[in-house]
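Subject: Structure for your review

Dear colleague,

Please find below the structure that I am handing over to you, followed by an account of what was found in it. I would be grateful if you would read the notes with the structure open.

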Amino acid sequence: MVQGFSTEPGTHGPITDVRRAALRKIWVWAVIIAVGGFLFGFDTGVISGALLYIAPEFDLSPAMQGGVVSVLLLGAMAGALGIGGIADRLGRRPVLGLEGAVFLVGTALAVSAQNYATLMVARVVLGLAVGSASATVPIYLSEIAPTAIRGRVLTLNQLMITIGILSAYVVNVIFSAAGAWRWMLGMGAIPALVLVAAGLGLVPESARWLLGKGRREEAKHAIMLVTDEATADKLIADHDAHRQRPIPQQRGEARKSGWAALFSAAVRPALIVGLVLAAVQQFGGINTIIYYAPTIMTRTGLSASNSIVYSIAIGVINLIMAVVAIKLIDKVGRRPLLIISLAGMAISIGLLGASFALGMPPVVTLLFMVVYIAVYSGGLGPIFWTLIGELFPPSARADGSSACTAVNWASNFTVSAAFLPVVTAIGAAGTFYIFAGICVFALLFVFRYVPETRNEDYPQIDKSLRQRFHLQTT
């Protein structure tokens with residue numbers, strides 16, 4: 001991912017010194033852009049409540065319910081893979097507006113669906129928008145952010161995702177009494193309109209993209225929205241002088257570039273760590289609780305409406321712990337938070353399985369779910385996205401991040417599609433025990449292979465990775 005005008009994280013951005021008023025302007029732009037993250041969270045979370053009413057109306061089997069949830073993820077994989085080239089050709093701002101328009105089309109199809117097939121098409125369209133937003137919003141944010149606030153601006157996307165999930169739960173509660181699932185889904189049109197407005201000029205085009213296209217005067221004008229002419233000229237000159245560092249190599253190995261570099265001996269440790277964490281983040285069970293929280297709660301004997309109300313607690317703790325993680329990640333470090341998170345996940349989701357096996361009261365089941373969400377959101381959830389931006393050498397960072405994100409979406413799809421059928425086959429308790437076992441495996445993997453990256457530059461991270469994988473350095 002391009003970070004401002006530099007391929008080094010947290011170094012040089014499009015704006016380095018800006019006035020207080022200009023910072024406020026940048027934050028407003030960032031919030032508008034991060035509405036794409038909000039829609040990501042909303043459209044993946046709202047189906048959890050709507051499905052309770054869609055299933056009986058359309059007579060959906062467990063496998064069909066899983067399809068309604070998981071087909072969005074197939075669309076998301078396609079959207080994430082295809083949007084990069086479009087964003088490079090058209091620009092960040094037009095693509096943001098295009099994504100808003102696709103969200104609107106998908107929402108309209110979902111609201112008007114009269115059968116299972118139409119609903120599936122709607123979810124695919126929404127998935128295209130979700131995947132596209134997941135790929136372009138972070139890039140856009142990184143390119144408008146000055147160095148001093150880049151970290152906070154980039155975490156705004158994740159924060160907005162959690163706010164979107166919580167908002168989806170609240171919307172579900174509002175319309176649950178009437179069973180109005182079409183209204184639940186239809187509320188997504190409001191933020192989608194914000195994205196359309198952004199694409200029509202509510203936010204500026206990325207100066208980084210404009211410079212890449214040789215549109216220097218337009219880029220200078222965009223930079224001067226938040227700084228003076230002299231600073232704009234200096235930043236453009238710095239951009240022109242920038243050169244990427246080469247990818248390190250194993251002794252005797254020829255230098256490689258692009259996707260081939262990811263499979264070189266030098267980069268392979270970073271790729272292994274990134275891919276394993278990408279898969280574990282989903283196979284640890286998180287989205288089964290995000291997507292199916294009300295459905296899980298109904299298995300304890302609660303009504304559909306009460307289950308939706310209880311699920312709000314999960315959304316609130318998800319949001320709170322996302323904020324806590326932002327505060328702690330640069331103070332405590334990545335490894336300690338990962339270890340605490342995975343240990344807590346293994347214990348809490350194991351106890352969640354036991355609550356079903358032993359028929360514990362619904363409030364106990366909810367407690368274990370909330371603890372699980374808390375330790376996930378304060379650790380593995382955000383740290384995965386941080387690490388894939390730190391583990392790879394600058395010249396392979398974009399491709400490494402893309403590969404890990406693709407595996408993350410694929411894992412999300414697999415778990416979401418299989419969850420209800422597996423629960424039907426072996427029961428909720430057995431399913432959650434499997435998730436607990438995966439968390440234990442991940443904990444052992446982190447102990448052995450994941451380095452600490454806090455306050456470390458890439459050469460130090462690379463050295464630590466090589467030591468953990470017993471590789472020789474150059």
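In this predicted model, helix H5 passes helix H9 in a left-handed crossing. H5 covers residues 92-112 and H9 covers residues 189-202, and the two pack at an angle of about 155 degrees with their axes 7 Å apart. Because angles over 145 degrees count as roughly antiparallel, H5 and H9 are roughly antiparallel to each other. On the H5 side, the contact is made by Arg93, Leu96, Gly97, Gly100, Ala101, Phe103, Leu104 and Thr107. H9 contributes Ala189, Ala192, Leu193, Leu195, Val196, Ala198, Gly199 and Gly201. By class, the residues of this contact between H5 and H9 divide into 10 nonpolar, five polar and one charged.

The crossing of H14 and H19 is left-handed. From H14, the residues in the contact are Gly274, Leu277, Ala278, Val280 and Gln281; from H19, they are Leu380, Gly381, Phe384, Trp385 and Leu387. The contact of H14 with H19 has seven nonpolar residues, three polar residues and no charged ones.

Is arginine 334 buried or exposed? Its relative accessibility is 5%, so arginine 334 counts as buried.

H3 spans residues 47-58 and has 12 residues, yet its end C-alpha atoms are only 14 Å apart. A straight helix would reach 16 Å at 1.5 Å a residue, and H3 falls short of that. Of the 12 residues of H3, 10 are buried, so the helix is largely enclosed by the rest of the structure. The buried residues are Ile47, Ser48, Gly49, Ala50, Leu51, Leu52, Tyr53, Ile54, Ala55 and Phe58.

Just after H3 comes aspartate 59, in the loop between H3 and helix H4 (62-90). Aspartate 59 is not a glycine, although it has a positive phi of about 55 degrees. With a relative accessibility of 65%, aspartate 59 counts as exposed, because the cut-off for that class is over 50%.

Asparagine 287 is placed in helix H15 (residues 286-298). Its relative accessible area is 13%, and asparagine 287 is therefore buried, since buried means under 20%. Asparagine 287 and phenylalanine 419 are 132 residues apart along the chain, while their C-alpha atoms are separated by 9.7 Å.

Finally, some totals for the chain. The secondary structure comes to 21 helices and zero strands. Of the 474 residues in the chain, 55% are buried. Among contacts between residues at least 6 apart in sequence, 80% join residues at least 24 apart.

With kind regards

Note on methods:
Residues are numbered from 1 along each chain as its sequence is written. This is a predicted model: local features need pLDDT of at least 70, side-chain atom pairs count only at pLDDT 80 or more; totals for chains, interfaces and linings use all residues. Side-chain values use heavy atoms; hydrogens and water are left out. Helices (H or I, at least four residues) and strands (E, at least two) are DSSP runs, numbered from the N terminus. The expected span of a helix is 1.5 Å times one less than its number of residues. Buried means under 20% relative accessible area, exposed over 50%, partly exposed in between (1.4 Å probe, protein chains only). A crossing is left-handed if the near helix is turned anticlockwise from the far one by less than a right angle, and right-handed if clockwise. Contact means heavy atoms within 4.5 Å. Ala, Val, Leu, Ile, Met, Phe, Trp, Tyr, Cys and Pro count as nonpolar, Asp, Glu, Lys and Arg as charged, and the others, Gly among them, as polar. Axes are lines fitted to C-alpha atoms, for helices over the stretch in contact, and angles run from 0 to 180 degrees between N-to-C directions. Angles under 35 degrees count as roughly parallel, over 145 as roughly antiparallel, 65 to 115 as roughly perpendicular and the rest as oblique.
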